[in-house]
Amino acid sequence: MRNDEEFYTCAAVRAAGLALKFVCVILLSSPLATAAAIDFAEPPTFTPNPSGRVPLAAVIEFAGSEPVDTHIEITDGENTWDASFAASHAVAGKYSIPVLGMRAAREHKITLTLRAADGKVHTETFTHTTPGYPDQLSFPNIVVSVSEPERMEPGVTFLSTRRRALGRGHWLTKKQYEWSANYGLIVALDNNGEVIWWYESSSRMAGIERLQNGNILMHRFSSTLIIDMLGNVLAEYYPADNPLPHPDNPNAISIRDQQTLHHQPHELPDGNFLAFTANGYPMQDWYTSEADPDAPREDAMVMADSIVIFTPEGEQIWTWDTMDYLDPWRLGRDTFWSYWWTRGFDQYRDWTHGNGLSYDARDDSILVSLRNQSAILKIDKKTKEIKWILGHHRNWPEHLRDKLLTPVGDLLWPAYQHNPRVTHAGTIILFDNRPYSGAMAFEDYPPLAENFSRAVEYKVDEANMTVQQVWSSGDTQTEDSCFTYAMSDAWRLPKTDNRLVIHAFCVPLIPGLSEDIMDPTKRVTDDIYYPGGHILEYAGDKVVFQVDFGMKHELFQWNVYGGFRSPSIYHTPGAAH
């Protein structure tokens, strides 16, 4: 037997509720490894997919009697990358080294090098072949049509991905609904559009964010979760008063006096969390129609969004409620849709539909997007007062009219927008969905076939209470337009000033198709197949990256809720995400 060959013994172990795990230990490795003087309490082991939810990841674990710096180099024959970990990475003398960035269905060699402070070195190599992609019931078909890495923002694109049975949510069968709601993916692409990591969730996901420590914060169907890059659950938060079953995680933390957590959570610079909640309020003699203001009135339960800040321990330290500041008689479209019905609040009206939060550290304030009000508000965190409102000027109550920003130059107001963010340049970028062509309740609107969606960036002059549009992906419908009536994301990227635009899907602009999912007499968007996930990166006005998600057989939809660009698959301390 040659001493420079590598031989492994692999024990198959089934973790409770998870897939098979294979723990591989090198029996004989390179001469350097054989002669290594580093003393191990537990020798290095290589475990693929340790949580059962990250098929392209693995972990190397070992324990030693002295601190060591760790370096790994990974190659698949075409690509080579590496990562380093300081001795302080150990916890109680035990090291857990994530192996990230591998591609599907390839053999990888992972070289581990350990260095002690006294100069001792230990090196050994593991070989691992990753699994292929799941079938299209569990993984989308991904098509890359444009990729110019030299013009792109460096890094990895993380995308919150969900599958959806065809049909209106309130008409789906129980099994159809569970199939849609009880599964989700986070997919990470390199700048060539290749998948280099994915996470399989047992629940549909909404917003995702990379935390300052490199972990991932995500909102699932009824709870907010923090995972590491190996798929291990580190924390979970849920609303104490939600009617749906609470998590079966015994360590989950309840957020008291809240009925919901939803959409896009956000980590603040101090490590606390900014999140949306919504609670039901009884309203007397409220509207029953968004088309006819004279329709008979009735008592109703109305969902009003609140903003909450809570600590990692779940303590609420700040709240702000739309019902205290806005006019509950100002209505947009989709007030009467079934959004809250399918989330445990039968027949509740969707008044504000908060769908994006962002923190502005320059003046300790909060941006909030209220979709069904077609408005972005800036709130002073200290006083809780509204500083300004970015949106069209129709139907606002008298006490808020002095908060409305005045447009400067050519400007198209946002409509039913999603996820506003403060950029590194101090501007506001958001995804402008524009269903109903921006019409509010009781206003006429053109047919769906004339719609389009876009990303748009605004510059606000707070001293003069003005707003200027400084960039958009397009202000009119063209042959390349993608209409995306919900979800989606937009970023201005910090190194290149490129814009990353994530369309959740593209609705076919079919004459006669309706936007009103509550109208049983018409064919609507939810009833038909359409491509899902249309990701674009713009360098100026030129597209330098385009990826599309879909399903070859057009049996259901793959949507991309949103996402972000991270500098690396590994954590980069201090980097902007």
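Between which two strands does the loop with alanine 425 lie? Alanine 425 sits in the loop between strand 29 (418-422) and strand 30 (428-432).

This is a predicted model, in which local features need pLDDT of at least 70, side-chain atom pairs count only at pLDDT 80 or more, and totals for chains, interfaces and linings use all residues. Residues are numbered from 1 along each chain as its sequence is written, and side-chain values use heavy atoms, with hydrogens and water left out.

**View 1. The protein chain and its strands.** The protein chain has two helices and 37 strands. Helices (H or I, at least four residues) and strands (E, at least two) are DSSP runs, numbered from the N terminus. The radius of gyration is 25 Å, close to the 25 Å that the globule rule gives for 577 residues, so the chain is as compact as a globular protein of that length. That radius is taken over C-alpha atoms, and the rule is 2.2 Å times the number of residues to the power 0.38. The C-alpha trace spans about 90 × 50 × 45 Å along its principal axes. Of the 577 residues, 57% count as buried. Buried means under 20% relative accessible area, exposed over 50%, and partly exposed in between (1.4 Å probe, protein chains only).

View 2. Alanine 425 is partly exposed, with a relative accessible area of 43%. Arginine 220 is 205 residues away in sequence and 31 Å away in space, C-alpha to C-alpha.

**View 3. The loop at alanine 486.** This loop runs between strand 32 (466-472) and strand 33 (489-492). Alanine 486 counts as buried, at 15% relative accessibility. Alanine 486 touches Asn433, Ala504 and Phe505, leaving out residues up to four places away in sequence. Contact means heavy atoms within 4.5 Å. Alanine 105 lies 381 residues away along the chain, and 34 Å separate the two C-alpha atoms.

**View 4. Tryptophan 197 and the nonpolar cores.** A nonpolar core is a set of buried Ala, Val, Leu, Ile, Met, Phe, Trp, Tyr and Cys residues joined through side-chain atoms within 4.5 Å. The largest has 68 residues; Ile60, Ile72, Phe158, Trp197 and Ile569 touch the most other members. Contacts of tryptophan 197 include Val54, Leu56, Leu100, Met102, Phe158, Ile216, Met229 and Ile569, not counting residues up to four places away in sequence. Another core lies apart from the largest one, with 32 residues, among them Met323, Leu326, Trp351 and Trp396.
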